[in-house]
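Here is a briefing on salt bridges. Look over the sequence and the model first.

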Amino acid sequence: MTTQDLIHHENLLLDERRYDEWLQLFTPDARYWAPYRWDAPEPLNEMNLLYDDFPRLRERISRLTGGDLHSQDPASQTVRLLGQACAPIPGGWEPPAPFDQVVTAPFKLAEYRAERTTEYTGRYTYWLAETADGLRIAAKKVQLLGAEGPLGNVTFLL
Amino acid sequence: MSGHPMNAANFSVGDFVDLDQGLVRKSAYYDPEVYAAEIQRIFERTWLYVAHASEIPETGDYKTTEVAGRPVIVVRGADGAIRALQNRCRHRAATVCQAPKGNARFFRCEYHGWTYKNSGELVGVTYADAYQGLDKSQLGLQEIPRVEIYQDFVFASLNPDVEPLLDHLGEAAKYIDLFVAQGAGRPLKAAYGTQKIRYGGNWKYQLENGCDGYHPNFAHRSFFRVMSERTGEEGLGSYMDGSAAAESVSLGNGHTLLDQRNTATEHYAERYKASPDVDTIVASLREELSEDEITELLAQSTSPGFNLTVFPNLQLIGLHIREIRPVSVNETVVHYTPLAVDGVPDGINQLRMRNHELFYSAAGFGVPDDGEMFRRVSQGVGADAEWLLLNRGQHREKEQGGVVSAQITDELPQRAEWARWAELMDVES
């Protein structure tokens with residue numbers, strides 16, 4: 001799979017709520033990070049919207065698929081438009097897992113839930129690793145526009 | 001008291017709440033006239049939490065906020081005093097301060113150039129020769145008349161005759177002391193900013209929820225499930241089930257408590273172990289702190305073991321300050337400001353933030369499920385049934401020295417909050 005294919009496939013799996021397949025795209029030492037502050041330099045010394053390792057991501061998915069997550073009853077339906085990916089501006093945070101390349105792409109996400117559509121805009125950055133199983137995600141960062149302002153229910157995976 | 005109009009002529013508290021029966025009428029949550037009366041009789045009349053002093057530690061430090069709908073600058077002046085100034089140029093009403101926080105000696109209105117000291121005093125009027133008899137001493141930024149601070153919690157009141165803050169806090173002050181003690185002698189600091197969560201429903205849903213010990217095992221079922229899968233512990237929510245030895249408490253003046261210290265302490269003390277990066281963080285802590293210090297600080301890294309509500313807009317839950325901001329009768333924004341322990345290795349606060357995010361983030365495993373319940377209640381009150389039942393455990397309240405306690409799942413806190421609501425809303429009082 002090419003880099004482009006991988007990140008579009010990753011977006012598609014989230015939109016289709018195929019979470020178990022989605023999780024298999026990540027390395028076992030992956031991180032999934034969404035800061036409140038757009039310019040947050042790193043996740044540890046920060047209050048985050050989420051900062052998940054693999055076990056926490058598995059718990060997130062267990063909730064999303066467990067039938068007992070009220071904030072996703074009804075579930076959010078999402079469509080993501082992914083902009084052109086490019087190399088990010090160098091510098092900044094690096095995840096703990098080894099990686100071979102980094103790409104970033106702007107996104108627009110429309111979420112429909114309980115008879116309301118909410119629009120989100122932001123930027124995804126992917127740290128990708130060549131593994132024996134193919135190209136995998138060693139980290140994904142989600143910068144969400146307006147995350148410092150009031151947010152509603154963002155329990156679907158951004 | 002203020003210029004906000006409200007025709008209260010036909011308003012009767014008894015129409016909305018039956019304290020003897022523990023009943024609240026549904027329209028108390030969506031009637032715009034009730035909301036307008038609440039702003040006037042509660043939010044403009046009692047003490048409101050407005051800031052934590054650690055947000056503005058230095059001379060000139062400020063944060064902008066809202067107090068009962070008014071734009072306000074909370075600022076530390078050259079004299080060290082914290083003032084709450086209305087953020088409104090006395091000329092033609094533009095706000096004079098734009099940033100959420102910062103440091104300033106002066107606030108300048110960029111519309112026509114009027115300039116104020118950070119104490120509020122008007123010191124500069126541009127092209128002043130065009131005014132006859134302009135009295136600058138009468139045109140300072142309007143000051144919220146009362147500001148008092150308890151344990152770094154800054155409260156303000158629009159009511160110049162409000163009782164002293166300590167009288168208002170009463171028994172709640174003791175629990176603020178205990179909340180502050182989680183730093184094991186070190187001060188707490190609002191070092192990680194504020195997250196904001198909006199829901200489309202009345203502010204009292206959040207007020208009632210903060211010390212609701214009945215809902216966790218149901219509304220937060222999925223949280224307890226994944227946590228017990230992680231830790232292998234059975235019945236993780238049992239520390240607040242219907243037979244737990246934990247208590248709900250009415251502290252007086254509408255302040256309430258969920259006290260789980262005798263049932264939940266071990267769960268809270270262990271929670272950090274499920275955090276990302278925990279092994280490397282604890283290893284680095286061992287280089288700087290003794291095992292006893294690490295144990296003591298991490299035992300307090302999830303919760304002091306109780307939830308406290310200070311009526312009407314402050315809750316201390318987990319590690320954070322929760323400020324309730326009504327926007328309209330049907331819209332509320334809740335501000336969450338988690339506190340770090342000052343003067344400890346970063347790892348302690350990193351684990352505190354991970355514990356905070358786990359449950360309380362807008363994408364967290366707890367708070368969004370409360371928000372969903374507020375959405376459902378907001379929808380449900382459109383049905384015909386007239387009353388909400390808050391009478392659980394009303395027969396088994398125990399009173400001692402003005403403090404009333406009951407089993408943790410009993411709706412004593414909600415009844416106490418409504419009793420205070422009724423007291424303040426009653427036009428005769």
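Is R186(B) buried, partly exposed or exposed? R186(B) is partly exposed, at a relative accessible area of 22%. Buried means under 20% relative accessible area, exposed over 50%, and partly exposed in between (1.4 Å probe, protein chains only). This is a predicted model: local features need pLDDT of at least 70, side-chain atom pairs count only at pLDDT 80 or more, and totals for chains, interfaces and linings use all residues. Residues are numbered from 1 along each chain as written, chains are lettered from A in the order written, and side-chain values use heavy atoms, without hydrogens and water.

**Count and rule**
- A salt bridge is a side-chain nitrogen of Lys or Arg within 4 Å of a carboxyl oxygen of Asp or Glu.
- Over all chains, the count is 36 salt bridges.

**Within chain B**
- R186(B) pairs with E293(B) in a salt bridge, with the closest N and O atoms 4.0 Å apart.
- E293(B) sits in helix α9 (residues 291-299) and R186(B) in the loop between α3 (172-180) and β13 (188-189), so the pair ties together parts 107 residues apart in sequence.
- Helices (H or I, at least four residues) and strands (E, at least two) are DSSP runs, numbered from the N terminus.
- E293(B) is partly exposed, at 30% relative accessibility.

**Within helix α3 of chain A**
- R56(A) and E59(A) form a salt bridge (2.9 Å, N to O).
- Both lie in helix α3 (residues 54-65), 3 residues apart, about one turn of the helix.
- R56(A) is buried at 4%, and E59(A) is buried at 8%.

**Between chains**
- D73(A) and R376(B) form a salt bridge, with the closest N and O atoms 3.7 Å apart.
- This pair crosses from the loop between α3 and β3 (77-82) of chain A to helix α11 (residues 367-380) of chain B.
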